[in-house]
Amino acid sequence: MPAQRLDGTATARTIKAELTERVRVLAEHGVVPGLATVLVGDDPGSRWYVGGKHKDCAEVGIASIRRDLPESTTQAELEAVIDDLNADPAVTGFIVQLPLPAHIDTDAILERVDPAKDADGLHPTNLGRLVLRASREIDTPLPCTPRGVIELAQRHGLSWDGLDVVVIGRGVTVGRAIGALLTRREINATVTLTHTGTRDLPAHLRRADVIVAAAGVPGIVSAADVKPGAIVLDVGVSRVVDAETGESRIAGDVADDVAEVASWISPNPGGVGPMTRALLLANVVETAERAAGIR
Ligand SMILES: Nc1nc2c(c(=O)[nH]1)N[C@@H](CN(C=O)c1ccc(C(=O)N[C@@H](CCC(=O)O)C(=O)O)cc1)CN2
């Protein structure tokens, strides 16, 4: 039987409907959450993602502010914009769209964001709390894609408890953060974090109950390396030119044949991507709720 779909588009729609109601409650307390985005340069993909964030905000009633800067923006100029947003009371949270141009020190920029306004959950203070508070409730924003992966499975009735999870990719936005989240006491998975230095990736994959693929290598996970009945979440995003149509399209890390052996699979597009967008909104709403004392 082919794998069932972990439908990120439908799940994100449900989350957005829930958030719309919470934004309405915030309004009763006189609070309007506000998300700002900072985009540097003209990368079409980043521009599309940022546009989507503003559309999502409008859909749930979050105010949004856009700061689009030219590719030539200097470190000092970008830091001044961050300082400005840190001080702006209308901005309850903001994100700096990644990747930044090569001449910018990304770590320094992420560290400059006020941790209380860090809608992406990527500030070292917030990532540090995620690591340190493994058994306590976390009252800070969590990275959106890892949170999206976990919630996508949970909202389809799947539990992570006791499962062996193999994550491919050690990047900060997905791989490292998801390891810290999945091993929290209330989630309770066992995680192997694999990467380009891993000696025998197929051997790890073949014994995994769950595979989270965030390598950015099209088709790196194929049916031959997947245990029958495994759950497979595809986070990888690569742009490839379709051999048949000649058009550019998104390719995930998971090959089509995996659907024949897995029990559940997240489509790509339509899986983790829409969840990333929805959970950014959740971070913004939760931050505003905490500030208003209703969370
Ligand atoms: N500051 C951040 N930068 C980046 C993040 C992030 O979480 N914070 N993640 C990615 C980009 N990203 C959000 O910013 C993102 C990527 C993909 C999607 C999405 O919905 N994708 C669609 C397909 C889109 C397409 O056809 O091009 C899908 O998967 O269905 C949303 C957000 C890097 N930068």
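The legends below describe close-up views of a predicted model.

**Figure 1. Two domains of one chain.** The domain assignment divides the chain into domain 1, residues 28-128 + 275-292, and domain 2, residues 143-272. The C-alpha centres of domain 1 and domain 2 are 26 Å apart. Where the domains touch, nine residues of domain 1 are in contact with 11 residues of domain 2. On the domain 1 side of this contact, helix α9 gives the largest share, five residues. By class, that side has five nonpolar, three polar and one charged residues.

**Figure 2. The shell around the ligand.** The ligand is surrounded by 17 residues. Y49, I95, L98, P269 and G273 are the closest. Both domains take part, since domain 1 and domain 2 each provide at least three residues of the shell. At least two residues of the shell come from each of strand β4 (93-96), helix α6 and helix α9 (272-292). Helix α9 gives the most, with four residues. Sorted by class, the shell has eight nonpolar, seven polar and two charged residues.

**Figure 3. Two cis peptide bonds.** Most peptide bonds are trans. The bond that joins L98 and P99 is cis, with omega at about 0 degrees. P99 is in the loop between β4 and α4 (106-112). A cis bond also runs from N268 to P269, and omega there is near 10 degrees. P269 is in the loop between β11 (264-265) and α9. Both L98 and P269 are among the residues closest to the ligand.

**Figure 4. Helix α6 against helix α7.** Helix α6 covers residues 144-154 and helix α7 covers residues 172-182. Their axes come within 8 Å and cross at roughly 55 degrees. Helix α6 is therefore oblique to α7. The crossing in which α6 passes α7 is right-handed. On the α6 side, the contact is made by T145, P146, R147, V149 and I150. On the α7 side, T173, V174, A177, I178, L181 and L182 make the contact. The residues of this contact divide into eight nonpolar, two polar and one charged. Helix α6 also supplies at least two residues of the shell around the ligand.

**Figure 5. Helix α1 against helix α2.** Helix α1 (residues 8-28) packs on helix α2 (residues 44-60) at an angle of about 55 degrees. The axes of the two helices are 8 Å apart. The two helices are therefore oblique to each other. From α1, the residues K16, L19, T20 and V23 take part in the contact. They meet D56, E59 and V60 of α2. By class, the contact has three nonpolar, one polar and three charged residues.

**Figure 6. A positive phi at N188.** Most residues other than glycine have a negative phi. In N188, a residue other than glycine, phi is positive, near 70 degrees. N188 is in the loop between helix α7 and strand β6 (190-194).

Terms used:
Residues numbered from 1 in each chain as written. Predicted model: local features only at pLDDT ≥ 70, side-chain atom pairs only at ≥ 80, totals over all residues. Axes fitted to C-alpha atoms, helices over the stretch in contact; angles between N-to-C directions. Parallel < 35°, antiparallel > 145°, perpendicular 65-115°, else oblique. Left-handed = near helix turned anticlockwise from the far one by under 90°. Contact = placed C-beta atoms within 7 Å. Nonpolar A, V, L, I, M, F, W, Y, C, P; charged D, E, K, R; others polar. Near = placed C-beta within 6 Å. Domains from an automatic or database assignment.
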